[in-house]
Amino acid sequence: MNVLVVGGAGYIGSHCVRQLAAAGHRPVVLDSLVYGHRAAVAPEIPFHACDLGDEAALARILADEKIEVVMHFAAFAYVGESVTDPLKYYFNNTVATLQLLRAMLKAGVKKFVFSSTCATYGVPPTLPMTEATPQAPINPYGQTKLDVENALKNLARAHGLSFAAFRYFNAAGAAADGTIGEDHKPETHLIPVAIDAATGRGPALQLFGTDYPTPDGTCLRDYVHVDDLARAHIAVFPKLATPGAGFFYNLGTGTPTSVREVIAAVEKVTGRKVPVVESPRRAGDPPALYADATKARAELGWVPEFKTIEPIVASAWKWHESRPKGYADR
Ligand SMILES: NC(=O)c1ccc[n+]([C@@H]2O[C@H](COP(=O)([O-])OP(=O)(O)OC[C@H]3O[C@@H](n4cnc5c(N)ncnc54)[C@H](O)[C@@H]3O)[C@@H](O)[C@H]2O)c1
């Protein structure tokens with residue numbers, strides 16, 4: 001299929017582009033490069049450097065490239081910034097996404113795959129989190145994603161849009177050959193930050209909270225490999241054949257991993273010590289977030305290949321070791 005990958009020069013999108021091409025689809029990338037990297041996308045893949053809110057450009061691209069499905073990864077995703085500058089998040093994550101959807105409907109493109117997040121759940125009353133866990137985001141970032149999820153339900157009813165919204169847990173790792181990987185600037189994700197601390201390229205790791213009601217006192221999260229995420233996006237295609245059908249799936253391994261366990265994995269894989277500064281808890285960090293992904297398994301046959309933290313960290317290390325400055329090394 002001809003697939004427009006919006007945000008395809010970003011971390012998760014670029015891994016999906018690769019898998020789409022490998023599976024015989026024709027990915028076309030749209031990315032403003034506000035955070036993405038041109039070098040994350042192979043030169044032979046059609047690339048449109050434009051903003052997702054540019055409806056005139058979208059109309060042209062959707063028609064000229066004969067797009068059949070849109071995968072939408074483009075968003076701002078810094079939780080703290082979403083609290084201090086919510087409008088930036090509402091405009092990019094919600095308003096621009098609605099513009100994208102309007103351009104799609106005008107062009108008759110009615111299949112959509114959306115990057116949602118476990119942040120739409122807020123602080124879950126029970127664990128593990130299923131798709132039926134109440135959605136009560138505790139920051140504007142999570143709210144903007146929930147707003148889009150709700151809009152999708154209405155567009156499915158009104159216009160026959162078929163969609164899948166994937167609620168990712170913590171995306172991590174890199175492609176097996178180590179040639180594309182995670183390069184956010186600024187980087188806030190634990191694994192790359194711990195690797196940078198281990199190699200001395202970054203400051204000591206700040207460990208926020210050691211007195212949580214968890215086995216080792218640090219927060220538990222669910223790290224899911226970026227290539228496993230990408231696989232789910234392709235596995236869902238048959239579901240989109242039914243007009244007006246909408247699906248929500250959690251994507252996580254279901255394995256809770258503590259911050260200290262991540263640090264231990266980084267130390268083992270890199271053979272270096274991670275300098276750590278223990279700090280008080282950070283406001284808004286729930287003690288534990290991990291998925292029940294039974295639904296994706298049952299309906300999509302999605303079984304994560306990476307089930308534990310060490311091989312995920314090993315793949316991230318391969319990327320960081322070969323490109324210590326990320327895409328700037330190219
Ligand atoms: N990384 C995670 O752990 C995680 C977890 C849950 C959900 N998500 C969601 O997954 C998606 C991808 O995350 P990522 O880590 O790959 O982020 P990323 O920042 O690496 O990629 C996002 C891409 O979108 C592009 N973009 C942003 N706004 C744009 C706009 N207005 N027009 C065109 N391009 C634009 C950026 O340039 C970037 O290339 C995001 O929607 C994010 O909210 C990520």
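User: Which residue is the bridge partner of Tyr168 in β11?
Analyst: The bridge partner of Tyr168 in β11 is Leu251. Keep in mind that this is a predicted model: local features need pLDDT of at least 70, side-chain atom pairs count only at pLDDT 80 or more, and totals for chains, interfaces and linings use all residues. Residues are numbered from 1 along each chain as its sequence is written.
User: And what is the bridge partner of Arg167 in β11?
Analyst: In β11, Arg167 has Asn250 as its bridge partner. Strands β6 and β11 run parallel and are joined by six bridges. Two strands pair if DSSP finds at least two bridges between them. The strand names come from DSSP too: helices (H or I, at least four residues) and strands (E, at least two) are DSSP runs, numbered from the N terminus.
User: What holds strands of a sheet together in pairs?
Analyst: Strands of a sheet pair through backbone hydrogen bonds, either parallel or antiparallel.
User: OK, what is the order of the strands in the open sheet?
Analyst: The open sheet has seven strands in the order β3-β2-β1-β4-β5-β6-β11, with parallel pairing. Its edge strands are β3 (47-48) and β11 (246-251), each pairing on one side only.
User: How many of the residues of β11 are buried?
Analyst: Six of its six residues are buried, so β11 is mostly covered, where buried means that 20 or more other C-beta atoms lie within 10 Å of a residue's own, exposed means 12 or fewer, and partly exposed is in between, with C-beta atoms placed from the backbone. Gly246, Phe248 and Asn250 point one way from β11, while Phe247, Tyr249 and Leu251 point the other way.
User: Is β6 enclosed or exposed, and why?
Analyst: β6 is largely enclosed by the rest of the structure, because seven of its seven residues are buried. Both faces are covered: Ser162, Ala164, Phe166 and Tyr168 are on one side, and Phe163, Ala165 and Arg167 are on the other.
User: How does the chain cross from β5 to β6?
Analyst: The chain goes through α5, and this β-α-β crossover is right-handed. Right-handed means that, with the strands pointing away from the viewer, the path from the first strand over the helix to the second runs clockwise. β5 and β6 themselves pair in the parallel sense over seven bridges, and Lys111 has Ser162 as its bridge partner in β6.
User: New topic: which residues come nearest to the ligand?
Analyst: Gly7, Gly10, Gly36, Ala74 and Ala75 come nearest, of the 27 residues around the ligand. To be near, a residue needs its C-beta atom, placed from the backbone, within 6 Å of the molecule or strand in question. α1 gives the most to this shell, with three residues.
User: Where are the cis peptide bonds?
Analyst: One joins Leu127 and Pro128, with omega about -10 degrees, and Pro128 is in the loop between β5 and α5. The bond from Lys185 to Pro186 is also cis, with omega near 0 degrees. Pro186 is in the loop between β7 and α6 (190-199).
User: Last one: what is phi of Leu33?
Analyst: Phi of Leu33 is near 65 degrees, a positive value in a residue other than glycine. Leu33 lies in the loop between β2 (26-30) and β3. Leu33 counts as partly exposed because 14 other C-beta atoms are within 10 Å.
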